[in-house]
Amino acid sequence: MTAPNFGTFFLPGPTEVRPEILAAMTRPMISHRSPEFEALYAHCDEGLRRVFRTTRPVYMSSSSGTGMMEAAIRNAPAGPILSLVNGAFSERFADIARACGRTVQVLEVPYGDVVPLESVETALRARRFAAVTAAHSETSTGAAQDVQAIAELAHANGAFSLIDSVSGMGGMPVETDAWSLDFVLTGSQKALALPPGLAFACVSERFLAAAREAPGRGRYFDIAEFAQYASKRQTPNTPAVSLFYALEAQVTAIGPTGIECRWARHAAMSSLTHAWVEHQRQDGRLAGILAPAGSRSATVTVVRTPVGVDARRVVDEVARRGLTLGSGYGKLAATTFRIGHMGDHTVETVTRLLDVLGPVLAAQ
Ligand SMILES: *Cc1c(COP(=O)(O)O)cnc(C)c1O
């Protein structure tokens, strides 16, 4: 599936894009109010429904993932928001809610951890919230949260679940319908291995009904407007047509039954990475994985370097050998680096990376 020159770029977003996908973007422009675009839209929507595991429409926004995070907040009914914060991106969700004028209660744990479900339940019982925000795969720490359980707790307590699966969707199981997620969003440039610039979201019928009444939801991210145009297989505004070509090529490549294979491939890449890091830890070359076992993302592993080893130097040394790793995010920059084993990477490309990384660590 992958070209021979594929497999050098392990940033946890944007991820490496296959040449075939890049080539698909060179097709000529079409009118976004034409039958050609409507057919393109329909193919993208059908393909994304299989990725999201939903029978509902998937809305496509010409924005980065953050746009759909803002949409989740703006379209949620009036009332306070409970934000589960365990890293930089879940913190951003809380920040967006504040910036949209919401009252936000934060439930925070140290970076790397996941928010205990008992704490979520206690917080939800103590006060009536309009919605709960959570990151499925927290890309800054590599922690994965049980968003099915979080959504159940939200529902049981009368709140909507707003789930950021930007680095989860396409690489880890997400069952939008079976888990009754009210608003689940992703971006094009993570596990879906598309160029940056598109964001996708699926909303429950209940959420959509509430959104239609939500005050101050603005225009660009008005979900009711997305829904209205989706019924015509169009977008409210001029879409990034070239990126839709790339999206169509990728969902066609995933195919009608490919999503489970994609999840399995990511599980294999993450298991390989975790076992390798554990081996390096035993040899004293790494301090281990930041996220606890049992709560680790299948798409990104955040690795702690031993005391005295600057993680930024590891990233630089690997770059000198032609491969790109992710630096530690924000305050974790000196002590961690990130391996993005997601998108169209394979066990083979990850193995090649680890074969380069091993000697670099040994030299530190
Ligand atoms: C990358 C990422 C985002 C932000 O996406 P942008 O496309 O940069 O706006 C949000 N949440 C998570 C978990 C991410 O990994």
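Predicted model: local features only at pLDDT ≥ 70, side-chain atom pairs only at ≥ 80, totals over all residues.
**View 1. The residues around the ligand.** The ligand is surrounded by 13 residues. Ser 64, Thr 66, Thr 139, Asp 164 and Lys 190 are the closest of these. Sorted by class, the shell comprises seven polar, three charged and three nonpolar residues.

View 2. In the side chain of Lys 190, an N or O atom lies 2.6 Å from an oxygen atom of the ligand. For the side chain of Gln 189, the corresponding distance from an N or O atom to a ligand oxygen atom is 2.7 Å. Gly 65 takes part through its backbone, where a polar atom is 2.9 Å from an oxygen atom of the ligand. On its own, the ligand has 390 Å² of accessible area, and the protein covers 91% of this.

**View 3. Helical elements in the ligand shell.** Two or more residues of the shell come from each of the elements α3 (65-75) and α4 (88-99). The greatest contribution is that of α3, with three residues.

**View 4. The contact between the two domains.** The domain assignment divides the protein chain into domain 1 (9-14 + 259-363) and domain 2 (20-254). Their C-alpha centres are 26 Å apart.

**View 5. Area buried between the domains.** About 2,300 Å² is buried between domain 1 and domain 2, with 62% of it on carbon and sulfur atoms. On the domain 1 side, the residues that lose the most area to domain 2 are Ile 259, Trp 263 and Tyr 329. Together these residues account for 28% of what domain 1 buries.

Conventions: Residues numbered from 1 in each chain as written. Heavy atoms only, no water. Near = heavy atom within 4 Å. Polar contact = N/O pair within 3.5 Å; in protein donor to acceptor, adjacent residues only side chain to side chain. Areas by Shrake-Rupley, 256 points an atom, 1.4 Å probe, with all protein chains shown as cover. Helix = DSSP H or I, 4+ residues; strand = E, 2+ residues; numbered from the N terminus. Nonpolar A, V, L, I, M, F, W, Y, C, P; charged D, E, K, R; others polar. Domains from an automatic or database assignment. Buried area = accessible area lost by both parts, 1.4 Å probe.
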